[in-house]
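Me: I have a model open and some questions about it. Can we go through them one by one?

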Amino acid sequence: QVQLVESGGGLVQAGGSLRLSCAASGSIFSINTMGWYRQAPGKQRELVGTLTGSGRTNVADSVKGRFTISRDNAKNTVYLKMNSLKPEDTAVYLCNANGLQYGAKWFDVWGQGTQVTVSS
(Lines give C-alpha, C1' and ligand atoms only; values in the text may rest on other atoms or scores of the structure.)
Protein backbone atom coordinates (compact mmCIF):
# COMPACT_ATOMS: atom_id res chain seq x y z
CA GLN A 1 0.00 0.00 0.00
CA VAL A 2 0.96 3.63 -0.52
CA GLN A 3 0.15 6.42 1.91
CA LEU A 4 0.39 10.19 1.62
CA VAL A 5 0.92 12.46 4.61
CA GLU A 6 0.38 16.20 4.19
CA SER A 7 1.57 18.98 6.44
CA GLY A 8 1.95 22.73 6.49
CA GLY A 9 -1.59 24.08 6.43
CA GLY A 10 -2.87 26.74 8.77
CA LEU A 11 -4.29 30.20 9.18
CA VAL A 12 -2.64 33.13 7.42
CA GLN A 13 -3.57 36.70 6.60
CA ALA A 14 -4.21 37.78 3.04
CA GLY A 15 -0.94 38.48 1.29
CA GLY A 16 0.90 35.93 3.39
CA SER A 17 2.63 32.70 2.48
CA LEU A 18 2.47 29.02 3.40
CA ARG A 19 4.29 25.92 2.23
CA LEU A 20 2.58 22.56 2.09
CA SER A 21 4.41 19.25 2.01
CA CYS A 22 3.20 15.81 1.03
CA ALA A 23 5.32 12.71 1.58
CA ALA A 24 4.55 9.36 0.00
CA SER A 25 5.52 6.13 1.70
CA GLY A 26 4.94 2.42 1.31
CA SER A 27 5.63 -0.10 -1.39
CA ILE A 28 6.64 2.37 -4.08
CA PHE A 29 8.57 1.35 -7.18
CA SER A 30 8.13 4.65 -8.99
CA ILE A 31 5.95 7.74 -8.81
CA ASN A 32 4.58 9.24 -12.00
CA THR A 33 2.64 12.36 -11.03
CA MET A 34 2.31 14.14 -7.71
CA GLY A 35 0.13 17.14 -7.21
CA TRP A 36 -2.28 19.23 -5.26
CA TYR A 37 -6.00 19.78 -5.46
CA ARG A 38 -8.27 21.84 -3.26
CA GLN A 39 -11.87 21.82 -2.20
CA ALA A 40 -13.68 24.75 -0.65
CA PRO A 41 -16.98 24.33 1.24
CA GLY A 42 -19.84 23.80 -1.18
CA LYS A 43 -17.55 23.65 -4.20
CA GLN A 44 -16.13 20.90 -6.35
CA ARG A 45 -12.59 19.70 -5.98
CA GLU A 46 -10.30 21.57 -8.34
CA LEU A 47 -6.78 21.21 -9.62
CA VAL A 48 -4.09 23.42 -8.10
CA GLY A 49 -1.05 21.94 -9.78
CA THR A 50 0.66 18.70 -10.72
CA LEU A 51 4.24 17.74 -11.47
CA THR A 52 5.47 14.66 -13.27
CA GLY A 53 8.69 12.85 -12.49
CA SER A 54 10.22 14.35 -15.63
CA GLY A 55 9.42 17.86 -14.47
CA ARG A 56 6.36 18.69 -16.52
CA THR A 57 3.95 20.94 -14.60
CA ASN A 58 0.28 21.75 -14.94
CA VAL A 59 -0.83 24.70 -12.83
CA ALA A 60 -4.28 26.24 -12.53
CA ASP A 61 -4.64 29.72 -14.00
CA SER A 62 -6.09 30.96 -10.71
CA VAL A 63 -2.79 30.37 -8.90
CA LYS A 64 -0.21 30.93 -11.65
CA GLY A 65 2.44 33.38 -10.60
CA ARG A 66 1.56 32.94 -6.91
CA PHE A 67 1.92 29.21 -6.23
CA THR A 68 4.93 27.04 -7.06
CA ILE A 69 4.92 23.27 -7.08
CA SER A 70 8.16 21.37 -6.63
CA ARG A 71 9.24 17.85 -5.92
CA ASP A 72 12.04 15.92 -4.24
CA ASN A 73 12.06 12.57 -6.01
CA ALA A 74 14.59 11.08 -3.60
CA LYS A 75 12.21 11.75 -0.72
CA ASN A 76 8.98 11.00 -2.65
CA THR A 77 7.77 14.40 -1.53
CA VAL A 78 5.92 17.19 -3.28
CA TYR A 79 5.73 20.76 -2.07
CA LEU A 80 3.38 23.65 -2.72
CA LYS A 81 4.71 27.10 -1.96
CA MET A 82 1.85 29.57 -1.81
CA ASN A 83 2.55 33.29 -1.93
CA SER A 84 0.25 36.30 -2.05
CA LEU A 85 -2.56 34.26 -0.57
CA LYS A 86 -6.11 35.47 -1.02
CA PRO A 87 -9.25 34.68 0.99
CA GLU A 88 -10.55 32.75 -2.01
CA ASP A 89 -7.63 30.34 -1.61
CA THR A 90 -9.26 29.08 1.57
CA ALA A 91 -9.89 25.36 1.16
CA VAL A 92 -8.84 21.89 2.16
CA TYR A 93 -5.76 21.08 0.11
CA LEU A 94 -5.36 17.47 -0.89
CA CYS A 95 -2.29 15.71 -2.20
CA ASN A 96 -2.52 13.10 -4.93
CA ALA A 97 0.08 10.70 -6.30
CA ASN A 98 0.09 7.90 -8.84
CA GLY A 99 2.63 5.42 -10.04
CA LEU A 100 3.73 1.83 -9.66
CA GLN A 101 4.14 -0.32 -6.60
CA TYR A 102 6.57 -3.24 -6.50
CA GLY A 103 4.93 -6.06 -8.41
CA ALA A 104 3.82 -3.67 -11.17
CA LYS A 105 0.61 -2.71 -9.43
CA TRP A 106 -0.67 0.79 -10.28
CA PHE A 107 -1.59 3.11 -7.44
CA ASP A 108 -3.50 6.39 -7.36
CA VAL A 109 -3.92 7.67 -3.83
CA TRP A 110 -5.03 10.75 -1.91
CA GLY A 111 -3.88 12.27 1.31
CA GLN A 112 -6.21 13.17 4.14
CA GLY A 113 -6.10 16.89 3.33
CA THR A 114 -4.79 19.92 5.16
CA GLN A 115 -6.82 23.05 5.88
CA VAL A 116 -5.63 26.40 4.56
CA THR A 117 -7.53 29.43 5.79
CA VAL A 118 -6.76 32.93 4.53
CA SER A 119 -8.24 35.80 6.49
CA SER A 120 -8.97 39.18 4.94
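Me: Are cysteine 22 and cysteine 95 buried or exposed?
Reply: This is a predicted model. The cut-off for buried is under 20% relative accessible area. Cysteine 22 falls in that class, and cysteine 95 does too. Both are buried.

Me: How far apart are the sulfur atoms of cysteine 22 and cysteine 95?
Reply: A disulfide needs sulfur atoms within 2.5 Å. Cysteine 22 and cysteine 95 form one, and the count for the structure is one disulfide. Their sulfur atoms are apart by 2.0 Å.

Me: Which parts does the pair of cysteine 22 and cysteine 95 tie together?
Reply: Cysteine 22 sits in residues 18-26, strand β3, and cysteine 95 in residues 91-101, strand β9. These parts are 73 residues apart in sequence. So the pair ties together β3 and β9.

Me: Which strands does β8 pair with through six bridges and an antiparallel run?
Reply: On one side of the list is β3, joined to β8 by six bridges and antiparallel. There, leucine 20 has leucine 80 as its bridge partner in β8. Six bridges also join β8 to strand β7 (residues 67-72), again antiparallel. The partners are β3 and β7.

Me: How many of the six residues of strand β8 are buried?
Reply: Strand β8 covers residues 77-82. It is largely enclosed by the rest of the structure, because the buried residues number five of the six.

Me: Which residue in the turn between β7 and β8 has a positive phi?
Reply: β7 and β8 form a hairpin, with four residues between them. Aspartate 72 has threonine 77 as its bridge partner in β8. In the turn, the positive phi is about 50 degrees and belongs to asparagine 76.

Me: What kind of pair do the rings of phenylalanine 29 and tyrosine 102 make?
Reply: The structure holds two aromatic pairs. In this one, the ring centres are 5.6 Å apart and the planes are at 75 degrees. Planes over 60 degrees apart count as edge-to-face. So the pair of phenylalanine 29 and tyrosine 102 is edge-to-face.

Me: Which residue lies over the face of tryptophan 110?
Reply: The distance to the ring centre is 4.4 Å. The residue over the face of tryptophan 110 is arginine 45.

Definitions and conventions: Residues are numbered from 1 along each chain as its sequence is written. This is a predicted model: local features need pLDDT of at least 70, side-chain atom pairs count only at pLDDT 80 or more; totals for chains, interfaces and linings use all residues. Side-chain values use heavy atoms; hydrogens and water are left out. Helices (H or I, at least four residues) and strands (E, at least two) are DSSP runs, numbered from the N terminus. Buried means under 20% relative accessible area, exposed over 50%, partly exposed in between (1.4 Å probe, protein chains only). Two strands pair if DSSP finds at least two bridges between them. Rings of Phe, Tyr and Trp (its six-membered ring) pair if their centres lie within 6.5 Å; planes under 30 degrees apart count as stacked, over 60 as edge-to-face and the rest as tilted. A charge sits over a ring if NZ of Lys or CZ of Arg is within 6 Å of the ring centre and within 35 degrees of the ring normal.
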